[in-house]
Amino acid sequence: TVLLGLRNIDARERTRILASGVHVFTMTDIDRLGITAIAERALAIVTTGTGGVHVSFDMDVCDPTIAPGVGTPVRGGLDYREAHLLMEVIAESGRLTALDLVEVNPTLDLRNTTAELGVELALSALGKRIL
């Protein structure tokens, strides 16, 4: 299991995550190494010895400027291109077996922005390409 894009966790969450042995890539890691390198590392971890990967994409990982309709909007999340590039790397891996996008709250959304982003990200994960 990999958690990617963490940026705001409380002390209890930190303790549980560290004790779990889950691989974690924070937004600091993404800032330092870039989303492509982090995505490739994460995929290598979760696909070693497996038949593929189930991606559970929590829309809270995105910055609220692009995904306002989430339960926990925290500044400093993935921007539009980082989110799409992550999904594009997943698609290119050919290892995606299941995908869910969670934490879209229509009552908090602005003009369906978050829901539309979710659809776009799903399309990228399923192989939609520019060319």
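Let me begin with a definition: a residue is called buried when its relative accessible area is under 20%, exposed when that area is over 50%, and partly exposed in between, using a 1.4 Å probe and protein chains only. Helices are DSSP runs of H or I with at least four residues, strands are runs of E with at least two, and both are numbered from the N terminus.

The model is predicted, so local features need pLDDT of at least 70 and side-chain atom pairs count only at pLDDT 80 or more, while totals for chains, interfaces and linings use all residues. Residues are numbered from 1 along each chain as its sequence is written, and side-chain values use heavy atoms, with hydrogens and water left out.

I turn to helix α1, residues 11-20. Is this helix largely buried or in the open? The number of buried residues among its 10 is one, so α1 lies largely in the open. At the start of α1, a side-chain oxygen of Asp-10 comes to within 3.1 Å of the backbone nitrogen of Arg-12. After the helix comes Gly-21, with a positive phi near 80°.

Contact here means heavy atoms within 4.5 Å. Neighbours within four places in sequence aside, Asn-8 is in contact with Glu-13 and Val-74.

The next topic is the interior. A nonpolar core is a set of buried Ala, Val, Leu, Ile, Met, Phe, Trp, Tyr and Cys residues joined through side-chain atoms within 4.5 Å. Which members of the largest such core touch the most other members? Of its 26 residues, they are Phe-57, Cys-62, Leu-78, Leu-86, Leu-117 and Leu-121. At least two residues of this core come from each of α2 (27-33), α3 (35-47), β3 (53-58), α4 (80-93) and α5 (113-125). Phe-57 deserves a separate remark: with residues up to four places away in sequence not counted, Phe-57 touches Cys-62, Leu-78, Ala-83, Leu-86, Met-87, Asp-100, Leu-101, Val-102 and Leu-121.

Now to a helix pair. Two packed helices are described by the angle between their axes and the distance between the axes. Axes are lines fitted to C-alpha atoms, for helices over the stretch in contact, and angles run from 0 to 180 degrees between N-to-C directions. The axes of α4 and α5 come within 7 Å and cross at roughly 30°. That makes α4 roughly parallel to α5; the cut-offs are under 35 degrees for roughly parallel, over 145 for roughly antiparallel and 65 to 115 for roughly perpendicular, with the rest oblique.

On the α4 side, the meeting residues are Tyr-80, Ala-83, His-84, Met-87, Glu-88 and Ala-91, and on the α5 side they are Leu-117, Glu-120, Leu-121, Ser-124 and Ala-125. This contact of α4 with α5 comprises seven nonpolar, two polar and two charged residues. In that count, Ala, Val, Leu, Ile, Met, Phe, Trp, Tyr, Cys and Pro are nonpolar, Asp, Glu, Lys and Arg are charged, and the others, Gly among them, are polar.

Also in α4 is Glu-92, which counts as exposed at 60% relative accessibility. Glu-92 and Thr-36 are 56 residues apart in sequence, yet 12 Å apart in space, C-alpha to C-alpha.

I close with the loops. Between β3 and α4 lies Pro-64, which touches Pro-73, Val-74 and Arg-75 when residues up to four places away in sequence are not counted. Thr-65 is placed in the loop between β3 and α4 and is exposed, with a relative accessible area of 68%. The side chain of Thr-65 makes a polar contact of 2.8 Å with the side chain of Asp-63. A polar contact is a pair of N or O atoms within 3.5 Å; within protein, one must be able to donate a hydrogen and the other to accept it, and residues adjacent in sequence count only if both atoms are side-chain atoms.

The loop between β4 (96-102) and α5 contains Glu-103, a residue other than glycine with a positive phi near 75°. Glu-103 is partly exposed at 36% relative accessibility. Asn-112 lies in the loop between β4 and α5; its phi is positive, about 65°, although Asn-112 is not a glycine.
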